[in-house]
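Me: Can you walk me through this one? I have the sequence and the coordinates open.

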Amino acid sequence: MNARPIRAAPWPAVAREIGLIAAAALVYFGVRGFTEDRVVRAFANADALLRAERALGIDWEHALQRPVLSSDVLVTLANWVYIWGHWPVILAVATVLYVSRRERYYLLRNAMFVSGLIGFVFFALFPVAPPRMLDLGLVDTVTEQSSAYRTLQPPGLTNQFAAFPSLHAGWNL
């Protein structure tokens, strides 16, 4: 196994990465602010998506959630993946890659920026209320059984109408 030497990044390069990430965060907050008062539109769009899922026969949420809800272990595991598999893992992986495999870090960063920008366009033009805000009979296990999620991602910092596409699910995968 070839061990790669860990090379320190020059401070201007680190500062550039921090600046790029800060710029992306500003764009996110701009989109969040733009969609914050589009409640009626977000619910109408959610309803349209649900109708499309039903018409296509891909409304699997209840069937997928039912077996998970019957097991406390599965609920806890799913919650942990959802909560701790997002920012903590993304930041840890990005840091390790930046330090040890910089070309892989750039690939990850660029993929997140491109997918994030695509998501931001959807969030701005097609805000969607998430299932937890709809009366669908689905259980929001993260909100009901965990306080860690709201600590890591307070509602005041998140876009409540950014349910489609789900960057949370996509980036975790």
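Me: What am I looking at, experiment or prediction?
Reply: This is a predicted model.

Me: Fine. How many helices and strands does the protein chain have?
Reply: The protein chain has nine helices and zero strands. Written from the N terminus, the order of elements is α-α-α-α-α-α-α-α-α.

Me: And how much of the chain is buried?
Reply: Of the 173 residues in the protein chain, 29% are buried. As for contacts between residues at least 6 apart in sequence, 85% of them join residues at least 24 apart.

Me: Let's do helix 4. What is its length?
Reply: Helix 4 has 13 residues, and the distance from its first C-alpha to its last is 18 Å, close to the 18 Å expected at 1.5 Å a residue.

Me: Which residues in helix 4 are buried?
Reply: Val75, Asn79 and Ile83 are buried there. Viewed down the axis of helix 4, the buried residues fall within an arc of 55°, so they line one face.

Me: Why would residues spaced like that point the same way?
Reply: An α-helix has 3.6 residues a turn, so residues three or four places apart point the same way.

Me: What does helix 4 carry on the face turned away from its buried side?
Reply: That face has the exposed residues Val73, Leu77 and Trp80. Tryptophan 80 has a relative accessible area of 54%, and the cut-off for exposed is over 50%, so it counts as exposed.

Me: Where does tryptophan 84 lie relative to tryptophan 80?
Reply: Both are in helix 4 (residues 72–84), four residues apart, which is about one turn of the helix. Tryptophan 84 is partly exposed, at a relative accessible area of 34%.

Me: OK, switching to aromatics. How many aromatic pairs are there in the whole structure?
Reply: A search of the whole structure gives 10 aromatic pairs. One of them joins tyrosine 28 and phenylalanine 29 edge-to-face, at 5.3 Å centre to centre with 75° between the planes. Tryptophan 80 and tryptophan 84 have ring centres 6.0 Å apart and planes at 40°, so that pair is tilted.

Me: Which aromatic cluster includes Tyr28?
Reply: Tyr28, Phe29, Phe120 and Phe123 form one aromatic cluster. Phenylalanine 29 is partly exposed, with a relative accessible area of 37%.

Me: What lies over the face of tyrosine 98?
Reply: Arginine 102 does, at 4.3 Å from the ring centre.

Me: Helix 6 next. How does its span compare with what it should be?
Reply: Helix 6 (residues 102–125) has 24 residues, which should span 34 Å, and its end C-alpha atoms are 34 Å apart, which agrees.

Me: Which residues of helix 6 are buried, and what covers them?
Reply: The buried residues are Arg102, Tyr105, Arg109, Met112, Gly116, Gly119, Phe120, Phe123 and Ala124. Their cover includes helix 1 (11–35), helix 5 (87–100) and helix 9 (167–172).

Me: Which residues make up the largest nonpolar core?
Reply: Eight residues make it up: Ala42, Ala46, Leu50, Val128, Ala129, Leu134, Leu136 and Phe161. Leaving out residues up to four places away in sequence, leucine 134 touches Phe43, Ala46, Leu50 and Ala129. A second, separate core has seven residues, including Val31, Phe120, Ala124 and Ala162.

Me: What about threonine 141, buried or exposed?
Reply: Threonine 141 is buried, with a relative accessible area of 11%. It is found in helix 7 (residues 141–145). Setting aside neighbours within four places in sequence, threonine 141 is in contact with Leu69, Val75, Asn79 and Ser146. Val75 and Asn79 are among the buried residues of helix 4.

Me: And where is phenylalanine 126 found?
Reply: Phenylalanine 126 is in the loop between helix 6 and helix 7, and it is partly exposed at a relative accessible area of 23%. Not counting residues up to four places away in sequence, phenylalanine 126 touches Asn45, Leu49, Val121 and Phe164.

Me: Last one. Which residues does the cis peptide bond join?
Reply: The cis bond joins phenylalanine 164 and proline 165, with omega about -10°. Proline 165 is placed in the loop between helix 8 (148–152) and helix 9.

Methods
Residues are numbered from 1 along each chain as its sequence is written. This is a predicted model: local features need pLDDT of at least 70, side-chain atom pairs count only at pLDDT 80 or more; totals for chains, interfaces and linings use all residues. Side-chain values use heavy atoms; hydrogens and water are left out. Rings of Phe, Tyr and Trp (its six-membered ring) pair if their centres lie within 6.5 Å; planes under 30 degrees apart count as stacked, over 60 as edge-to-face and the rest as tilted. Buried means under 20% relative accessible area, exposed over 50%, partly exposed in between (1.4 Å probe, protein chains only). Helices (H or I, at least four residues) and strands (E, at least two) are DSSP runs, numbered from the N terminus. A charge sits over a ring if NZ of Lys or CZ of Arg is within 6 Å of the ring centre and within 35 degrees of the ring normal. The expected span of a helix is 1.5 Å times one less than its number of residues. The arc is that of the directions from the helix axis to the C-beta atoms. Contact means heavy atoms within 4.5 Å. A nonpolar core is a set of buried Ala, Val, Leu, Ile, Met, Phe, Trp, Tyr and Cys residues joined through side-chain atoms within 4.5 Å.
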